[in-house]
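User: Could you walk me through this structure before I set anything up?

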Amino acid sequence: MHVIVATDGSKQSLAAARHLKSFADPTKITEVSVIAVIRPLAAVSFADELSTVDQRKAHTDAGSFRAAAENAVDVVAAEFDGWGPKVHRKVRGGSPANEIIKAAKQLSAGLVVVAAGGRGISDVVLVGSTAQRVQHYAPCPVLVVRPAPRRTASKAGRS
Amino acid sequence: MAEGTTYATPYDEPGHENDLKRSITGRLLFFYTLGDVLGSGIYVLIGAVAGAVGGAFWIAFGVGVAIAVITAMAYAELVTKYPQAAGAALYVNKAFGNKFLTFLITVCFLSSSFAAAGALSSGFASYFLEVWEFAPALVISLVFVLILTIINFIGITESVVINMLMTFAEVSGLIIVTIIAIWYVAEGNADFGTLTDFSNAEGHPILAIISGVALAFFAMTGFENTANVAEETIDPQRSFPRALIGGIATAGVIYVVVAIAAALTVDTETLAGSEASLLEVIKADIIPVPVDAMVILFAIIAMIAITNTTLVAVVTQPRILYGMAKEDVVPGVFSKIHSSRRSPWFGLIFSGLVVAALLTIGSQIDLAAGETLIDRLATVTVVFLLFIYALVIVSCLKLRGHDEAEGNYRASTPLLVVGLVGNLVLLGYVVYDDPSSLYWCAGLVALGVVLFLVEYLFGKRTRPASAERGDPEVGRGA
């Protein structure tokens, strides 16, 4: 089975990747594709909140969103090092939900892993978060990892 | 522009797989540029330009376009050299390596964007009031800024296509004006003598043209924002120069045609006296279509056009602040990203407030000075942009021989020199003609300096926090 793990550069997306690792059987998964999507027209096309200062490529601070996305993909992909499945890294540009769904179709993915996004009022009031759209239109099962309540955050992160 | 859609991506890095999908084709970029440029000036400023020159004001648009196209060539050359993180500040940094100058140019760019958003918001309000007159212009422009800020917060990921639709709407408005003029000419009413009329010029016609060009230059603003999306453009080496220069040149032709059309159909006093000037062409009631319906339709088209350009400006401001925060030149709060919407919420709110402040302060001062807020903010924008454009051209020339690769676009050197002189002449004239605009410029630059000082004096408090943010292991206490 080919699993797609999407990252938007948030810590939650890293937690989602770790959650997959915590229960999934690596012998049943043949390949993992870590995907980041850059939104070219958004004010901040991609915000990398995962990599440390040392891990960042030279262009990140100068405003290269592609480098930021590659950094985030590297951090998430590193989670799967030595786990078993072959790990692919991909950066795409466009609407996050659309690109994740397209990638799932192209790769004939068996599972898509996304973070749920925020829990705040903005998700209730404002339309269409990426996770919602992926759930609705993905060609395969979708694992939406919700942020754990603060007390149990360390449990959800690692096994 | 049919090509540019199917090229392979040339920037794949060895560590990543071969399908780094970029999303912006040459054609979309062309419409992005065209929409960006078209919205800004012609709907907002054509009256002011007509007032400065007279019937011959189309020449001002023509000259303005020529200088803008040359500047765009410098941008195109630099973008193809440095497609990652494109922007005036980066080019100046590459060329001069002077931190202060880089900071200054970033602040200037940010300020020009603030002033442009202010001018455009006032322009929006003028057209809005022509249709629905239920609130003061200031209130409408403030609500307009608020709505754009919210849209920006939600995110405008998909708007490349919407942008294209908006561009079509903008062009359709200008086609309406042109059709009216053709009808007028066909009826034999047109007096072509107005096209060489400099009646409004104070002094020599050449000076009148220069002052017109300086104002018309505002109509060219916006193309530099196209560099924002350079990184995500498919085959930037080929498609970027074509889309950028093609977009501006197309906009320029449209501008000159529309300027001629407006000059033929409406006398320049009426154009100059109206805040929603192109609407005067419709109001002249030349074609046999109900004028009320046409006025509403055209006002809506004008509002779409202005919205399109303002939106791009509003997106650019928090982006610049985000980059500056990452470099530790403004407080770190500007790089805070909202957890689910992935938007720089603080930068957005801050930018909205600055534009709102410009509009509010401007509306109070102008009551005394007797000058419209649009002209004032447009002049401030132009001062900043001319300074930036001149420096970008110098950077382009200075970076010749560095980082050059096969297939890079290369602008013509003599043309660049002409463009540089053009930019400097205009800058000199604007400053000489309207020195009070420098107060506004100084105020905006001072704001940037204040942000720098806040970061410089208190920045140590935010830096450890940001180091934590960058390191998930530390954040999780692992």
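This is a predicted model: local features need pLDDT of at least 70, side-chain atom pairs count only at pLDDT 80 or more; totals for chains, interfaces and linings use all residues.

User: What secondary structure does chain A have, and in what order?

Analyst: Chain A has six helices and five strands, and from the N terminus on they run β-α-β-α-β-α-β-α-α-β-α.

User: And what does chain B come to?

Analyst: The secondary structure of chain B comes to 17 helices and zero strands, and of its 478 residues 57% count as buried, while for the 159 residues of chain A the figure is 49%.

User: Which residues touch the most other members of the largest nonpolar core?

Analyst: That core holds 216 residues, and those touching the most other members are A:Ile4, A:Ile100, B:Val49, B:Ile248, B:Ala262 and B:Ile388.

User: Take B:Val49, then; what is it in contact with, leaving aside neighbours within four places in sequence?

Analyst: B:Val49 is then in contact with B:Phe57, B:Ala60, B:Gly212, B:Leu215 and B:Ala216.

User: Switching to helix packing, how do α4 and α14 of chain B cross?

Analyst: The axes of α4(B), residues 88-96, and α14(B), residues 373-398, come within 9 Å and cross at roughly 45°, and the two helices are therefore oblique to each other. The crossing of α4(B) and α14(B) is left-handed.

User: Which residues meet there?

Analyst: From α4(B), B:Ala88, B:Tyr91, B:Val92, B:Lys94 and B:Ala95 meet B:Ile388, B:Leu391, B:Val392, B:Ser395 and B:Lys398 of α14(B). By class, this contact of α4(B) with α14(B) has seven nonpolar, one polar and two charged residues.

Conventions:
Residues are numbered from 1 along each chain as its sequence is written. Chains are lettered from A and ligands numbered from 1 in the order in which they are written. Helices (H or I, at least four residues) and strands (E, at least two) are DSSP runs, numbered from the N terminus. A residue is buried if 20 or more other C-beta atoms lie within 10 Å of its own, exposed if 12 or fewer, and partly exposed in between; C-beta atoms are placed from the backbone. A nonpolar core is a set of buried Ala, Val, Leu, Ile, Met, Phe, Trp, Tyr and Cys residues joined through C-beta atoms within 7 Å. Two residues are in contact if their C-beta atoms, placed from the backbone, lie within 7 Å. Axes are lines fitted to C-alpha atoms, for helices over the stretch in contact, and angles run from 0 to 180 degrees between N-to-C directions. Angles under 35 degrees count as roughly parallel, over 145 as roughly antiparallel, 65 to 115 as roughly perpendicular and the rest as oblique. A crossing is left-handed if the near helix is turned anticlockwise from the far one by less than a right angle, and right-handed if clockwise. Ala, Val, Leu, Ile, Met, Phe, Trp, Tyr, Cys and Pro count as nonpolar, Asp, Glu, Lys and Arg as charged, and the others, Gly among them, as polar.
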